[in-house]
Amino acid sequence: MYKNKVGFMDGVMAAVKGNVMKDTIGDIAVSGRLILKGGHVVDPKNQVDTVTDILIGNGVVCQVGDDIQAESGDRIIDCEGLLVIPGLIDMHLHLGDLFEVSTNPIFCAAEDGVTMGLSPGAGNTFMAPSLLGAEVDHGVPINLGVYLGAVNVLGTRLSVEELIKMFRGEMDADTLSVKMSRNGITITTAPLTVGIKDHMGHFIMPDENIEKIFEITSKANLIYMSHTQDPDHAERLVSLSKGRPLHLAHATAAGCGTHMDAAEGMRRVIDLVDGENITAEFVTTMLRAGHGSREGLKLPAQSQKLAYDALSSGKVNILISDGQNQATMKGFGDTRDNIPAILELSDMGVLTLSQSVAAMTCNPAGLIARRTANNWWTEKTGHLGAGALANVTIVDEADKLATYTIVNGEIVSFENRAVRRNCGAGGWVSKFGMVRKTGVGELVMFSYK
């Protein structure tokens with residue numbers, strides 16, 4: 001009745017033969033390689049924009065080229081018709097903030113194609129690297145890092161000069177345990193940050209304290225990020241910067257009309273950006289024609305036009321989400337709008353597809369590398385060149401979703417659903433680069449000699 005033969009798949013699956021279960025996978029000499037076949041690869045840093053293959057092995061990109069031949073044990077993903085880009089770097093994404101007890105934003109971010117998220121909690125203390133670092137040790141699907149809160153950085157007995165030395169890893173434990181914290185975990189992990197955040201909604205610092213933060217960040221090679229919503233506050237910070245680096249967070253918020261006329265606010269903040277010392281980022285949600293997530297602020301059409309012009313001219317070249325709607329600290333946007341915004345900015349002609357992809361890949365990697373004086377960021381992240389960390393976002397342009405999210409060579413999301421088996425794929429990132437484990441989450445399991 002049925003003409004086509006269907007056989008066992010016992011070459012690739014567990015099976016029973018002769019009343020014995022066969023461990024098929026264990027019998028195969030698994031190479032551990034992963035091949036992405038025939039996708040439209042867009043890698044702005046390496047000027048790749050073509051249909052080709054990518055070979056991944058041992059957590060890094062090994063080769064990009066046509067017709068890469070598979071070997072026994074290789075896993076192959078058919079990427080025909082899909083967009084293959086470097087893993088999204090969301091350098092302003094609230095994860096693990098405040099009371100994150102009933103939601104799962106880290107996994108949601110992975111499902112949305114994010115491979116690296118930097119969490120800018122303005123309330124973060126020196127304990128933040130150890131607390132979120134322990135989450136990495138317990139198992140998370142993306143690479144994580146944090147910014148510390150500016151007020152909390154100034155809350156100890158350490159002088160500015162001592163804080164600079166601490167962030168460089170040059171302070172002795174005795175001084176730190178007397179002037180900073182009586183917690184050995186805290187004094188050990190405190191330098192493991194990417195920057196410091198000032199937030200006018202949490203606190204308004206006096207000029208002398210802002211000066212201290214500029215001194216610390218500029219000399220310790222940290223990002224100074226400022227909450228940008230009230231143009232008056234942004235202008236105050238820029239005037240106090242005196243040529244030192246400052247990054248204006250979610251600058252599109254200034255164009256939403258919460259503190260003054262929307263278009264005027266957008267224009268005033270964009271005018272502050274010089275692309276060198278004063279940089280800025282725009283929220284993906286606010287740039288969408290349909291305004292994306294309704295939980296964030298709405299950017300009116302006139303302000304959107306000003307933002308589009310700033311992107312087209314290259315004055316602003318970084319996109320971020322600021323939040324994930326499953327998070328307690330939702331921010332002004334949503335990681336679910338990242339991929340749609342990247343595609344729509346290209347479709348609208350605001351940016352080329354390569355430029356739009358760059359805004360969440362090699363551009364943030366480049367900024368972080370400059371601010372931290374660490375080329376690890378540009379060598380290992382934000383691109384798909386040989387030797388880069390195998391962080392890849394594979395997109396179906398028809399549904400504007402992440403079909404696959406690959407972090408450090410492991411598939412952490414498939415068809416917009418987390419692959420729980422690989423929930424420990426992520427690592428911990430700081431201005432110094434990445435470690436796979438901080439060790440904090442495993443302290444209680446052992447005693448050490």
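## What lines the largest pocket

The lining of the largest pocket is made up of 12 nonpolar, 11 polar and three charged residues. Here Ala, Val, Leu, Ile, Met, Phe, Trp, Tyr, Cys and Pro count as nonpolar, Asp, Glu, Lys and Arg as charged, and the others, Gly among them, as polar. This is a predicted model, in which local features need pLDDT of at least 70 and side-chain atom pairs count only at pLDDT 80 or more, while totals for chains, interfaces and linings use all residues. Residues are numbered from 1 along each chain as its sequence is written, and side-chain values use heavy atoms, with hydrogens and water left out.

The space in the largest pocket comes to about 500 Å³. Among its 26 lining residues, L95, G96, D97, E100 and L132 are the closest to the centre. Helix α3 (128-139) and α2 (105-111) each supply at least two residues of this lining, and α3 gives the most, with six. A pocket is an open set of points on a 1 Å grid over the protein atoms alone, where a 1.4 Å probe fits, with protein on both sides within 12 Å along at least five of seven lines; lining residues have an atom within 4 Å of a point. Its volume is the space filled by probe spheres set on the points, which are joined across faces, edges and corners. Helices (H or I, at least four residues) and strands (E, at least two) are DSSP runs, numbered from the N terminus.

## The second largest pocket

Two or more residues each come from α12 (301-313) and α14 (353-358). By class, this lining has six nonpolar, five polar and no charged residues.

## Aromatic rings

There are four aromatic pairs in the structure (rings of Phe, Tyr and Trp, its six-membered ring, with centres within 6.5 Å; planes under 30 degrees apart are stacked, over 60 edge-to-face, the rest tilted). The ring centres of F126 and F167 lie 6.2 Å apart with planes at 45°, so this pair is tilted. F126 sits in the loop between β9 (114-119) and α3, and F167 in helix α5 (residues 160-167), 41 residues apart.

W376 and W377 have ring centres 5.1 Å apart and planes at 90°, so they are edge-to-face. W376 and W377 are buried too.

How values were computed:
Buried < 20%, exposed > 50% of the residue type's maximum accessible area, 1.4 Å probe, protein only.
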